[in-house]
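Here is a short tour of the structure shown below. Have it open beside you as you read, and pick out each element as it comes up.

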Amino acid sequence: MSHWESTGKTDEWYTPKWLFDALGCQFDLDVSPADDNSHVPANSGLRHGLDDAWSGFVWMNPPFGGRNGIEPWLQKFINHRDGIALTPDRTSAPWFQKWAPKADALAFLPKVRFVRPDGTEGKSPSVGTCLWAKGARAFYALRHMKTPNVFLVSPWMT
């Protein structure tokens, strides 16, 4: 969700179910779960994702609020090396330029309308969405994602 659309309101936005369906993955861990993460196909979730230990194949949709607040999440994700992360498509941001070359693949999606806790869909966000892959399972999921209009970038593709 756009920082400008939700400033002062909440970081509690849910990834829409269609995105998980398109990925076709079961995650071991949701490292930044919403209060109700029943919509995420993960075996468990963490309460303090940056402080807790991560294990297995992770899903990461961190809070988007705060300038450069996403960077510590990406650092931990890249160092973990096994999972899929969702971030805003902010290719000109220093945090994006710093961490993107370390991903195994990036999938650029059209603007994703996130879901509010009450189940209603948000308005069109101001930027697109980027999925980050680390590890073979994540790369496979992004490469075979069942959704139109995805642009995939990876050094593994020839």
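A residue counts as exposed when its relative accessible area is over 50%, as buried when that area is under 20%, and as partly exposed in between. Arg-81, at 57% relative accessibility, therefore falls in the exposed class. Please keep in mind that this is a predicted model.

**Strand S6 and its partners**

- Strand S6 (residues 129-134) pairs with strand S4 (residues 83-88) in the antiparallel sense, over six bridges.
- Across this pairing, Leu-86 has Leu-131 as its bridge partner, while Thr-87 stands opposite Cys-130.
- S5 also pairs with S6 in the antiparallel sense, over five bridges; here Phe-108 has Cys-130 as its bridge partner.
- How enclosed is S6 by the rest of the structure? Six of its six residues are buried, so S6 is largely enclosed.
- Thr-129, Leu-131 and Ala-133 point one way from the strand, and Cys-130, Trp-132 and Lys-134 point the other way.

**Salt bridges**

- The whole structure holds five salt bridges, among them the pairs described here.
- Asp-104 and Lys-134 form a salt bridge, with the closest N and O atoms 3.7 Å apart. This pair links distant parts of the chain: Asp-104 is in the loop between helix H4 (94-99) and S5, Lys-134 is in strand S6, and the two are 30 residues apart. Both Asp-104 and Lys-134 are buried.
- Asp-21 and Lys-17 form a salt bridge with a closest N and O separation of 2.9 Å. They are four residues apart in helix H2 (residues 17-23), which means that about one helical turn separates them. Asp-21 is partly exposed at 47% relative accessible area, whereas Lys-17 is exposed at 54%.
- Glu-121 and Arg-113 form a salt bridge, their closest N and O atoms being 3.5 Å apart. Glu-121 is partly exposed at 47%, and Arg-113 is partly exposed at 40%.

- Asp-30 is found in strand S1.
- A polar atom of the Asp-30 side chain lies 3.2 Å from the backbone nitrogen of Ser-32.
- Beyond four places in sequence, Asp-30 touches several residues, including Asn-37, Val-40, Ser-44 and Trp-59.

**Two loop residues**

- Arg-81 is found in the loop between helix H3 (71-80) and S4. Although it is not a glycine, Arg-81 has a positive phi of about 70°.
- Val-150 has its place in the loop between H5 and S7 and is partly exposed, with a relative accessible area of 27%.
- The C-alpha atoms of Val-150 and Pro-110 are separated by 7.3 Å, although these residues are 40 apart along the chain.
- Leaving out residues up to four places away in sequence, Val-150 touches Ala-107, Phe-108, Leu-109 and Met-145.

Terms used. Residues numbered from 1 in each chain as written. Predicted model: local features only at pLDDT ≥ 70, side-chain atom pairs only at ≥ 80, totals over all residues. Heavy atoms only, no water. Pairing = 2+ DSSP bridges. Polar contact = N/O pair within 3.5 Å; in protein donor to acceptor, adjacent residues only side chain to side chain. Contact = heavy atoms within 4.5 Å. Buried < 20%, exposed > 50% of the residue type's maximum accessible area, 1.4 Å probe, protein only. Salt bridge = Lys/Arg side-chain N within 4 Å of Asp/Glu carboxyl O.
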